[in-house]
Amino acid sequence: MTYLKPHFRNPALPSNALGYTRRDYEGAVSTLCAGCGHDSISAAIVQACFELDLPPHRLAKLSGIGCSSKTPTYFLGASHGFNSVHGRMPSVLTGANLANRDLVYLGVSGDGDSASIGLGQFVHAMRRGVNMLYIVENNGVYGLTKGQFSATADKGSKSKKGAVNPDDPIDLVSLALQMGATFVGRGFSGDKAQLVPLIKAALRHRGVAFLDVLSPCVTFNNHPGSTKSYDYVREHNAVFNRPDVVPHREAITADSAPGELVTVTLHDGSVVRLRPVAGDHDVHDRIAAMNHLAERQAEGEIVTGLLYVDPDAGDLHDRLNTVDTPLNRLNDAELCPGAATLARVNAALR
Amino acid sequence: MPQPLERPTMDKTNDFVVKFANVNGSGSASANQLFAKAVLRMGVPVASRNIFPSNIQGLPTWYEVRVSEAGHRGRRGGVDLMVAMNPQTWDRDVAEMEPGGYLLYDSTKPLPPSRFRDDVTVIGVPLTALCNAEYADPRQRQLFKNILYVGVLSALLDMDVAEIERLLGEQFKGKEKLIAANVHALHLGRDHALETLQCPIGLRVKRSDAVGDRIFVDGNNAAALGCVYGGATVAAWYPITPSTSVAEAFMKHCKAFRTDPDTGKARCAIVQTEDELAAIGMVIGAAWNGARAFTATSGPGISLMQEFLGLAYFAEIPAVIIDVQRGGPSTGMPTRTQQSDLLLAAYASHGDTKHVLLFPEDPRECFDFAATALDLADRLQTPVFVMTDLDIGMNDWLCEPFVWDDSRRMDRGKVMTAEELEAGADFGRYKDVDGDGIPWRTYPGTHPTKGAYFTRGTSRDPYARYTEEGSVYVDNMQRLLRKFATAAQLVPAAVPRPARQPTRVGVIHYGSTAPAMQEALGMLDGQGLHVDALRVRAFPFGDEVIDFVERHDTVFVVEQNRDAQLRTLLVNEGAVDPAKLVPVLHYDGTPITARFIAGDIAGKLSALTIVPLRKALP
Ligand SMILES: Cc1ncc(C[n+]2csc(CCOP(=O)(O)OP(=O)(O)O)c2C)c(N)n1
Ligand code: SF4
Ligand SMILES: [Mg+2]
């Protein structure tokens, strides 16, 4: 069952520059387990879109299959959504993006969806530079099929039933960096203060933005021995930086403590201010990001924050040199060469 | 002193079969095509076919040209003139010849008489020796040897050499040196033949005007052009023989016809994907978002697309899939032709699914049906397959010129606009408002507060709200059946060809079988066997198909597969008496021939008249 929330406008609620309230960005009531990390990510998406003044209907949300992939029902109810098939959200989103370059694309996936069955589509989406935000809600297990290890589960971590995972994990952040993603970060569903700005910056990025968000499964993977539990992630969280997004229409205030802050100006003019916490690599340096990640990972730490960004990155449409008008709006005259041209084609085939 | 030819026993003008036996990668393809086109330019129809291995270099390859003033486009069977350029396949090539035929070979190295046949005329030309004397560069020796034998043929068959020269001029336009070199090689061969052989032989090409305004084109090229005319803007594909050239031709046509003249930017997006799953995924995503999208593939690709095809069926998303069929199963015979994906495509995916299939008979219909498929997919909001095959797709066929009506507009189907939503139209994504089973849809981003919905493969109610309620699911599945019934009325109708006399015997065929079937009907008629024919052009079947079966006692179903797949669809979906449907099956990977069809049907008919067909028991 999907429960629709009663919808009434409360004049007391704060509204954004478009006149929308936070509630206009919400979706149906979640049917996930109480305390599931995925719900916190949905809330962070709602908050980020509200704060960015995004018209909800100009965003398309797509997902694969899993508890995580169900979440698009639970946010942005005024947006078109597409719950596709297991592990194949990237191709569906890529096609959608090709059809209309003017919408904002949000892809939501799980660790099983992206690192297990969908690893192929994941890496190819990264290397193609599809303009989108790709979020993996990473809990190290298959929630929806009741707790089997996924490909991001750490070697040696224990399942709820006591089984020990014998295989090496796939780190999607490292892979995204390696495959050419142009905005790469990691967040934690339990740290909204860091996650909301990460999502905001990623949505403003032009090109492929990837966020791996640790999102504990309270039902199947939140026990001692798990490396994806709330406690474990909190204890091992090596915060690299904390971003803060300033929309382009706001002037950057002078009190922003220069020196300490690293600022990145995105394609659309909005500015991401990064407060470094642990580590000091240049976020424009892909290799440095990969090294930092590898070093901290070797120490058993989980690096979070914005690790790499190329603000001047292009996207798939640039590579294909497609027209500025969305392809789905081209009309007969623009698409069909007509009978006179066909007569010439015929003549050349005789 | 010209060397007299021995045993000239054939005398045929504008009606014979030439077969070229070559080694793959030797550059023979363009020379062979030059020969075929030269015959066409003399106003005489040809039917040409490549028979090639899954290999880039070294394995045998054949090119068959049927010269037919009567315009027969199917394979006839048998060879009248064999151009035997491949020692590897010599024995089987010689064995395939008709008695009284001609064998042209490279006589540089003499062969013992035991390697020839008594009942064919042998024409030896020392091609290698001639080339070695003329050219120093080994690559030139190889390439010009091919042009040389075209020159020899022009003399043997009494062809107008000026036509060949004109074709070379068109082919190498702007590269004058190449034109001169090729024309030189052509005359080297021609002059040698004129001086040393008795020309012409008993096979001749005589100028005629039987070609008319017809064009010579391959089906893949035509289908790609149909996608351009039909308004496809997104193409996602993964290379696989024999479909690859659809995507390649689409790129070529888009460059010519879809480049914005002011900006130089493309009015299309073409993506070579990582696999066929991604290809169909992109097509579905693009079509969901309001672009016309297609993919081209072959059987193995369709196999990989299964899950997505079920999603598209159930979520009701348009998709056009051009299936250039090849020999299966698995990787089967990748460079041979078959019609063996019908069941795979018709019932693709898990759960209860059925899909719309179109069966073009030739490149002209590949063009038409590609554009039609884009309209149908939008109108019906479902995947539509264009079921072509290697024979149509990769061979040049002589066919009617492409036609386009400039007043035609894309049929985008039932798409609700922002204005309609604003005016308060009730939008239920899966609601059957019009009684034809087809619901309305909206494109993402249409309206700020109205018309958004959530697309999913799981069950939902008419307003796209998730539900697992059994009765709601059943209602929806029933609506999908209504939609399929609507599809049967919208797809291209079957084309009848009645016999000269009333008859209780019928034959059903489809796709690339058409030309061989036409000819076979003529042969049967000549034997006094009257057979009504029906060319099926689509699945689901229209009433005319079922009526046809009902009006006949015996209906042969001619197919190029082992399992009688169209017959299965007729039995499954048409509720016709299976005992009436007699399969005629050809599936060795070569295109079906008129001789085979006529022979099989005549044989079966005589058996039927001796032992009358027993009615199925009640
Ligand atoms: C082709 C296919 N195989 C298997 C499944 C069953 N299945 C559903 S969800 C899922 C795993 C989801 O795991 P993940 O992506 O990590 O999502 P989570 O539920 O943990 O959020 C599986 C295996 C399926 N839906 N489709
Ligand atoms: S099973 Fe796990 S992942 Fe799924 S909803 Fe429950 S807590 Fe979340
Ligand atoms: Mg998971």
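Chain A and chain B bury about 5200 Å² between them, and 63% of that area is on carbon and sulfur atoms; buried area is the accessible area (1.4 Å probe) that two parts lose on being put together, summed over both. This is a predicted model, in which local features need pLDDT of at least 70, side-chain atom pairs count only at pLDDT 80 or more, and totals for chains, interfaces and linings use all residues. Residues are numbered from 1 along each chain as its sequence is written, chains are lettered from A and ligands numbered from 1 in the order in which they are written, and side-chain values use heavy atoms, with hydrogens and water left out.

**Interface of chains A and B**

- In this interface, 59 residues of chain A are in contact with 67 residues of chain B, contact meaning heavy atoms within 4.5 Å.
- Between the two chains, 26 residue pairs are in polar contact, both residues being at pLDDT 80 or more. A polar contact is a pair of N or O atoms within 3.5 Å; within protein, one must be able to donate a hydrogen and the other to accept it, and residues adjacent in sequence count only if both atoms are side-chain atoms.
- On the side of chain A that touches chain B, at least two residues come from each of β1 (59–63), β2 (80–83), α3 (89–99), α5 (119–128), α11 (332–335) and α12 (338–348). Helices (H or I, at least four residues) and strands (E, at least two) are DSSP runs, numbered from the N terminus.
- That side of chain A has 27 nonpolar, 24 polar and eight charged residues. Ala, Val, Leu, Ile, Met, Phe, Trp, Tyr, Cys and Pro count as nonpolar, Asp, Glu, Lys and Arg as charged, and the others, Gly among them, as polar.
- β2 of chain A runs parallel to β17 (residues 454–456) of chain B, and three bridges join them; strands pair if DSSP finds at least two bridges between them. A:Gly81 has B:Phe454 as its bridge partner.

**Salt bridges**

- The whole structure has 54 salt bridges over all chains, a salt bridge being a side-chain nitrogen of Lys or Arg within 4 Å of a carboxyl oxygen of Asp or Glu.
- Two salt bridges cross the interface of chain A and chain B. B:Glu274 and A:Arg128 form a salt bridge in which the closest N and O atoms are 2.7 Å apart.
- A:Arg206 and A:Asp315 form a salt bridge with an N to O distance of 3.5 Å. These two residues are 109 residues apart and link distant parts of the chain.

**Ligands**

- Ligand 1 lies between chains A and B. It has 18 residues around it, and A:Cys67, A:Ser68, A:Gly112, A:Asp113 and A:Gly143 come nearest; a residue is near a molecule if one of its heavy atoms lies within 4 Å of it.
- Oxygen atoms of ligand 1 lie 2.7 Å from a polar backbone atom of A:Asp113, 3.0 Å from a polar backbone atom of A:Leu144 and 3.1 Å from a polar side-chain atom of A:Asn139.
- The residues around ligand 2 include A:Cys33, A:Cys36, A:Cys67 and A:Cys217. This shell has seven nonpolar, four polar and no charged residues.

**Backbone features of chain B**

- Most residues other than glycine have a negative phi, and most peptide bonds are trans.
- The peptide bond from B:Gly328 to B:Pro329 is cis, with omega near -5°.
- B:Phe539 and B:Pro540 are also joined by a cis peptide bond, with omega about 5°.
- B:Glu316 is not a glycine, yet has a positive phi of about 65°. B:Glu316 is in the loop between α11 (306–315) and β13 of chain B.
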